[in-house]
Amino acid sequence: MGQYIINGGRKLSGEVFINGSKNAALPILSAALINSGENIIHNCPDITDVSLTLEILKDLGCEISREGKTVIVNSKNAEYCGICQDTAGKMRSSILFMGVMLGKWGRSEICRPGGCSIGRRPIDIHLDAMKELGAKIEENDDSICCTAETLTGTSIYLPVASVGATENIMLAAVFAKGRTVIHNAAREPEVVALQDYLKSIGVQVKGAGGQVIFIEGCSKFNDGEYSVIPDRIEAGTFMAAAAMTKGKIFLKNTNWLHMCKTVEIFSNCGCEIKAEKGGIYFKSPRKIKPASVIRTGVYPNFPTDMQPIVMSMLTIAKGTSIIIETMFENRFNHVSELNKMGAKITAQNRVAIVEGVRKLNGASVSATDLRAGAALIAAALGAKGETVVQNSHFVERGYENIDGSLAALGADIKFSPEINV
Ligand code: EPZ
């Protein structure tokens with residue numbers, strides 16, 4: 001537990017290296033169980049969700065090592081064990097072990113992954129899909145047990161293009177007899193990354209990035225090597241930070257094609273954005289223009305993970321913006337914290353109205369989840385005076401050394417571990 005102490009008003013400038021994507025790395029690390037061999041994963045972010053996932057892999061008997069940005073997972077001696085509360089409870093994406101464990105060992109027992117402050121985070125779509133592949137599900141208050149003699153490939157129609165469910169099915173289907181076809185699959189770049197990783201260990205899979213994914217069950221795999229794609233949400237976070245400070249930055253190692261909708265929104269707000277030699281050049285306008293209506297949605301629509309972060313930027317736009325959150329029922333927890341800084345936001349159900357103000361003022365605020373924390377840091381960078389953002393552990397889940405990267409761009413930001421009173 002710690003906090004970020006930020007003195008706002010410093011213009012950001014310079015170059016920032018965008019780390020590997022959290023939401024690509026997590027399913028790929030689960031997939032490292034498949035081949036009972038060596039998996040070399042480059043550009044793997046050093047964040048707490050990755051560390052927790054590596055803990056789970058260690059508990060399952062994998063050998064883990066990290067050399068800088070490269071993580072090596074050897075699953076040769078992996079053995080079955082259930083995933084206990086103190087990891088599953090901390091991280092929703094522990095659910096991404098369900099499919100691969102069920103496929104590899106015929107069973108998976110995972111403590112019910114907590115909901116979190118952004119919503120209930122149900123897993124019904126995951127469980128229904130496992131049943132369609134042939135699993136039996138036993139649920140009790142705190143854990144879910146799936147068992148299956150064998151898994152049989154089938155056609156699965158997702159009611160919602162769920163990212164996690166799509167990935168879980170892909171990981172289970174690798175071990176199923178025959179072909180599995182996922183309809184209404186999530187189309188995120190992170191799903192494509194998982195497909196590319198699976199191909200690297202010899203799995204026949206195609207269609208990711210579209211609405212239909214085909215996976216051929218197989219039993220022979222080779223060692224894998226893969227480089228994690230850049231984190232498009234981290235890139236968007238630095239864009240908003242620069243916009244809050246009238247800054248001008250170059251984002252190295254960023255894939256423009258993964259963030260078209262986000263770039264469109266920043267451009268509509270007056271930001272100058274250009275794709276240049278393996279990165280993105282970003283320049284903030286003197287005054288940010290409001291966004292008429294922003295609606296989050298499944299990829300390639302505007303990502304829900306960017307909603308809190310763009311809302312921060314819109315608090316100082318020259319006019320009123322409307323944001324509609326269609327993905328999670330409770331993803332406006334950052335509103336009250338931004339209003340403590342002088343923002344003028346009213347939120348009801350899934351609609352937030354952001355009336356631009358001239359400037360935010362420093363305050364003591366609390367992160368309530370990962371992206372809300374990032375939003376408060378962005379807001380603090382543009383605010384007048386000192387802001388303390390509490391609950392840094394939420395931010396550390398998904399951002400590697402965010403204070404160091406921002407300081408290198410000229411921000412006055414310090415991390416301070418909670419002083420235990
Ligand atoms: C992934 O979560 C991401 N996490 C989230 O990022 C992201 O916000 C989300 O996708 C949406 O893009 C990872 O990839 C680790 P979903 P996931 O299943 O897979 C409903 C971050 O900040 N649903 O695509 O859990 C669900 O309630 C995190 O990095 C069901 O109803 O999201 C939501 O309304 C936050 N039943 C919608 O689908 C289910 O069984 C989309 O959720 C599963 C999901």
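Is threonine 296 buried or exposed? Threonine 296 is buried, with a relative accessible area of 2%. Buried means under 20% relative accessible area, exposed over 50% and partly exposed in between, with a 1.4 Å probe and protein chains only. This is a predicted model: local features need pLDDT of at least 70, side-chain atom pairs count only at pLDDT 80 or more, and totals for chains, interfaces and linings use all residues. Residues are numbered from 1 along each chain as its sequence is written, and side-chain values use heavy atoms, with hydrogens and water left out.

Threonine 296 sits in the loop between β17 (293–295) and α10 (307–314). Helices (H or I, at least four residues) and strands (E, at least two) are DSSP runs, numbered from the N terminus. Beyond residues up to four places away in sequence, threonine 296 touches Phe302, Pro303, Thr304, Gln307, Ile324, Glu325, Thr326 and Met327. Contact here means heavy atoms within 4.5 Å. With glutamate 325, the link is a side-chain to side-chain polar contact of 3.0 Å. A polar contact is a pair of N or O atoms within 3.5 Å; within protein, one must be able to donate a hydrogen and the other to accept it, and residues adjacent in sequence count only if both atoms are side-chain atoms.

Now the ligand. It is surrounded by 23 residues, and the closest are Asp124, Ser162, Gly164, Asp305 and Met327. Ligand oxygen atoms lie 2.9 Å from a side-chain N or O atom of lysine 22, 3.0 Å from one of arginine 121 and 2.6 Å from one of aspartate 305. Taken alone the ligand exposes 820 Å², and the protein buries 87% of that. The elements giving two or more residues to the shell are α1 (22–31), α5 (124–132), α6 (163–173) and α12 (370–382). α5 supplies the largest share, 3 residues.

Serine 21 caps the N-terminal end of α1, with a side-chain oxygen 3.2 Å from the backbone nitrogen of asparagine 23.

The largest nonpolar core has 70 residues; Leu29, Leu33, Phe97, Met170, Leu198, Ile213 and Ile215 touch the most other members. Such a core is a set of buried Ala, Val, Leu, Ile, Met, Phe, Trp, Tyr and Cys residues joined through side-chain atoms within 4.5 Å. Apart from it lies another core, of 69 residues, including Ile6, Leu12, Ala242 and Val310.

Methods
Near = heavy atom within 4 Å. Areas by Shrake-Rupley, 256 points an atom, 1.4 Å probe, with all protein chains shown as cover.
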